[in-house]
Amino acid sequence: MSSWGKWWYIRRGTMALILALFLLPAWGRWSLLQGNYSASTLLGIIPMADPLAAAQAFLATGGLGQKALIGAAVVTVFYLLAGGRAFCGWVCPLGALMDLAHWLSGMLAIRKPFAGFPSVTRWYLLASMIIAPAISGVALYELYNPISIFHRTLLFYGAGIGMGSAMLVAVMFLYELALARAGWCKTLCPLGAFYILLGRVSPMRVEASTSAPAELARLMGETCPEPGAIAGVLGREPFNGECTLCGACVDKSGGAARFKWKLTHS
Amino acid sequence: MEAVKGESGKPEGPSASRREFFARGLGALAGGVALAAVSSGAERRAFAQRPPGALPEKLFISRCVKCGQCGRACPYKAIQMSEPGSGVAPGTPYIMARSIPCYMCQDIPCVPPCPSGALDPTLTDISKARMGLAALTGRETCIALQGLRCEACYTACPIMDKAITLETRVNERTGRHVVFEPVVHSDACTGCGKCEHACILDQTAIRVMSIATVKGELGAHYRFGWMEQGL
């Protein structure tokens, strides 16, 4: 599934760089990027916040600090411009871990017994995590959000975070490695679902020329890690936002597909 | 990654029919109500000492976006992030005073980085912080109460002679010595936990707990005439 072309290296490099920037303050080095993927401060001034985490806190408590509000707007606008699920492909370290699990299960030829939840599940989860805090006044999901738990384990291990979180991460990894063919990112992740929505209206997309020969299109479809995305990229179906802009098909396409930023996509 | 496409059920996105749309909405609503029912019962019982300026516990848990910036700002690494199963709401910052208490920095570096307002940005005077309230719970183990000289908690207290005072009385056992009893005063105690940290016992005899737990609450119908007269 994964092609190790140019874009793969650029994409993983970007992800590693962001992770390193987050980790530096933990090692007592420069705090260019302080916080974690839920909320952070870039260069000491620019606030960033996970729009869903911010929304839950706001809906549950009827208020939110200015920095979190601005931060959520900053992140939303950024991914509106950069392509919604670019977060999944380029930034989210849980996505990378899940990719690793899939790659490993392929290498080890593991037969997974479970097809995975239907991919509409993420929409139920997204809707519930907006509705529930508003009704109950408790942002429950954010306490057990697997993405947040993984990010905390990466960035705050030793600072209160320990084996308990690591075990949860291991469970997620095993789910992807040996149980579900379509795992967390493809069927369950509500944050991914939110970014799908942004991706649908984003000017940034991967587009392939509609005249791509069938053989090439098949090759691109095989390399695409998001089964629901490639038809939209090839222009055979309406673009559905599930593309993570990973660029795997761009690497394989020999120029037929490329990243394209334009305000109106055909 | 072979084709998983068919399994997800095709009708998704803008092409979904109206009936599916409503079914989906009902499902989401049901999920939301279920999650709400679970979460309203998710109030914590145990006490967690929060960083300075923290909102009331229930509000704090939901307002906090669990980013850890308060903890990174703490020069003493007193603020930790909790993990699932620890008894403290996962991801929220807390202080284990017995290990590292709050040192009550004058500039309160942990509060300004908080993006959500879970730590109240209007807190600028650290002596106004109320992270909890210390209580001498180990009255049978506190060596000062047994008539020995200790004063470890008293001397550790950053608000000396206001938050903890030493009350003296005759040692009834010997009849010629003095017992120095450390007494905590809620009008000055910030709940920083330095007393809890300083206690020389194997298990601390003085510890920070929630203000409501320590203080209790007087019924509104009680009238203290001498207070009303300002005596």
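**Exercise 1. Is His151(A) buried or exposed in this predicted model, and what surrounds His151(A)?**

Step 1. Take the relative accessibility: His151(A) has 3%. Buried means under 20%. Therefore His151(A) counts as buried.

Step 2. His151(A) sits in helix α8 of chain A, which covers residues 146–156.

Step 3. List the contacts, leaving out residues up to four places away in sequence. His151(A) touches Tyr37(A), Cys92(A), Pro93(A) and Leu94(A).

**Exercise 2. How do helices α2 and α6 of chain A pack?**

Step 1. Recall what to look for. Two packed helices are described by the angle between their axes and the distance between the axes.

Step 2. Find both values. Helix α2 (residues 51–61) and helix α6 (residues 121–136) of chain A pack at about 30°, and their axes are 7 Å apart.

Step 3. Classify the angle. Angles under 35 degrees count as roughly parallel. So α2(A) and α6(A) are roughly parallel to each other.

Step 4. The crossing of α2(A) and α6(A) is right-handed.

Step 5. Name the residues that meet. From α2(A) come Leu52(A), Ala55(A), Gln56(A), Leu59(A) and Ala60(A). From α6(A) come Leu126(A), Met129(A), Ile130(A), Pro133(A) and Ala134(A).

Step 6. Sort them by class. The contact of α2(A) with α6(A) has nine nonpolar residues, one polar residue and no charged residues.

**Exercise 3. Which stretch of chain B has a pLDDT below 50?**

Step 1. Start with the whole chain. Chain B averages a pLDDT of 83, and 80% of the residues score at least 70.

Step 2. Find the stretch. Residues 1–14 of chain B have a pLDDT below 50. Beyond near neighbours in sequence, this stretch has 28 contacts in the model.

Step 3. Note the overall scores. The model has ipTM 0.81 and pTM 0.79.

Conventions. Residues are numbered from 1 along each chain as its sequence is written. Chains are lettered from A and ligands numbered from 1 in the order in which they are written. This is a predicted model: local features need pLDDT of at least 70, side-chain atom pairs count only at pLDDT 80 or more; totals for chains, interfaces and linings use all residues. Side-chain values use heavy atoms; hydrogens and water are left out. pLDDT is the predictor's confidence in each residue, from 0 to 100. Contact means heavy atoms within 4.5 Å. Helices (H or I, at least four residues) and strands (E, at least two) are DSSP runs, numbered from the N terminus. Buried means under 20% relative accessible area, exposed over 50%, partly exposed in between (1.4 Å probe, protein chains only). Axes are lines fitted to C-alpha atoms, for helices over the stretch in contact, and angles run from 0 to 180 degrees between N-to-C directions. Angles under 35 degrees count as roughly parallel, over 145 as roughly antiparallel, 65 to 115 as roughly perpendicular and the rest as oblique. A crossing is left-handed if the near helix is turned anticlockwise from the far one by less than a right angle, and right-handed if clockwise. Ala, Val, Leu, Ile, Met, Phe, Trp, Tyr, Cys and Pro count as nonpolar, Asp, Glu, Lys and Arg as charged, and the others, Gly among them, as polar.
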